Amino acid sequence: MQIDLVIENASVFNSFLKTFEQKNVAIAAGKFYYISTEDLQSFQPKETVDASGQYLIPGLIDIHMHIESSMIPPSLFSGAALSYGVTTVVADAHEITNVFGLEGMDAFLAEETDLDIFYAIPSSVPSTTPELETTGGFIGVEEVRSLLDNPRVIALGEAMNFKGITSEPDSLIRQILRETQLKKPFMPLEGHVPRVSGVDLAKFMYAGITADHTHQSPESIHEKISNGMFLEFQKKSITPENMAVLEEYNFYEYAAIITDDIMADDLLEGHLDANVRAAIAAGMPIEKAIYCTTYTPARRMGFQDRGAIVAGFKADFILLDDPEKLEIAAVYKNGKLVHTKGAAISYPNEKPAFPAHFYDSVHCRALTAKDLRIPVSTNAASVCCNVIQIQQIGTFTEPVQRELAVKDGYLDWEGSGLALLLVMERYGKNGNIGFGLVENALTEKGAIATTWAHDHHNLMVLGTDAEDMLLAQQKLLSLHGGYIVIHDGDILGSCPLPIGGILSDVPVQTLGRQLRDVRAGMVALGYRNSNEIMSFSTLSLPVSPAIKITDYGMMDVHTHAAIPLIAR
């Protein structure tokens, strides 16, 4: 057999011993052929690379992520991911499908990429029900059946509807779970299981869900893994105390490191590799961190051809200069060099070819001053209001009540020290506007607006000043979607996302700079969170605890009960 490539003198990661060994590696036809201490020049390779002093590990595998969070389509995302050593992803495209339905999924599947992109069926389009949030697309049982026939669809994406899963046997999500189990009984079923324990956890697992990727604590890790659930650790769960639990109980076989969401500005600094470094810094041994981003994710998704340096496996690998820092020297995909340290990210020569209507998807009227005047039917000087309280870490919120003044029959929200939040239906279906109030959001005069509102992606505006809120919404309409930050009539940051209101076709370097301006603008207005953009964009996610908002108004995430703006 003709050997294409030999890597000599590398410290090769052995996934089964979880250690490095000095070996030579032969590659033929895009696959590993022979890994040995022997001199492999007898194979007469076409090319030889001397990797003395370097470490060879499998390509990273991200099994729970959303390409749309990077705000670029798959064809642009591919080069960025490969530059960080990510060679395979399993993407849940529930953002583009919430906007365009199966047409959005088909558009993603049609994109050509060097990165191996497999897909999970978007199980939550919408995340709750059409009666609780308006979306542009819908994924029901029939749509699921059609996706199950696609060989690149290998998992069911995160099932999120708590009430539908735990207490409604005939809900849409339970129907989708049953259909998937019937047609593909070996398909992994991913879950969104935040702050769920005891009998509720059992109800999730009884429905067939066997994995969770949400925010974990030492207690939740022990309970979920010891009850048979596989855990996927995103950045906010990679903490010293959580890593200590994995080490104490040797839970590594039941864990993987994932990204879930990496914003465009963060993508300038890293992807899954950044979370590996974070895990090592938090106390996870280097070998276990590599194991949990290569072998365990491959096994979770049922891959039989990747995730380890093994004869017959795809020759997807990384050469590292320093394993502790995960310092990447070179990335190989199918035995071919695709990136070297310091090289620019590779992009396709042509822009993505999406249908014209993908660039014109924001269909709602301009707000007026009247829309922001909230009438109160009382003669009292003040009223008690339900308020969404955001936290400085993570995306969870808490419900609180605050007393607000009433002036001339209208709620004096501008003088309250709170921010007004509204979600405006943007698909031209019903014209809904849901209102809420937010605490710990903005301290300065201004407004933030976006169409990147998890997961329904309606138009959302948060502000402390009516004029700035009107201007932000109007500017956002002119961009056909994206993010905008306004302070006293001036634009502090603008990030156009004209493809479905959630994606851009500019290089990630350009997009990342735009998003950094938005983030800086939010901070200037007083927004404080470990991830300001994700915190803001998930205020509209009605499956993430504990109180969120849609175009139908505020709701209790666990019960789906409506929460009125004015409590009494």
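1. Basis. The model is predicted: local features need pLDDT of at least 70, side-chain atom pairs count only at pLDDT 80 or more, and totals for chains, interfaces and linings use all residues. Residues are numbered from 1 along each chain as its sequence is written, and side-chain values use heavy atoms, with hydrogens and water left out.

2. Make-up and size. The chain has 15 helices and 28 strands. These are DSSP runs (helices H or I, at least four residues; strands E, at least two), numbered from the N terminus. The C-alpha atoms fill a box of roughly 90 × 50 × 45 Å along the principal axes. The radius of gyration is 24 Å, which agrees with the value near 24 Å for a compact globule of 568 residues. That rule is 2.2 Å times the number of residues to the power 0.38, over C-alpha atoms.

3. Of the 568 residues, 62% are buried, meaning under 20% relative accessible area with a 1.4 Å probe, protein chains only. Among contacts (heavy atoms within 4.5 Å) with a separation of 6 or more, 68% join residues 24 or more positions apart.

4. Helix α6. Buried here are Ile173, Arg174, Ile176, Leu177, Glu179 and Thr180.

Notes. Buried means under 20% relative accessible area, exposed over 50%, partly exposed in between (1.4 Å probe, protein chains only).
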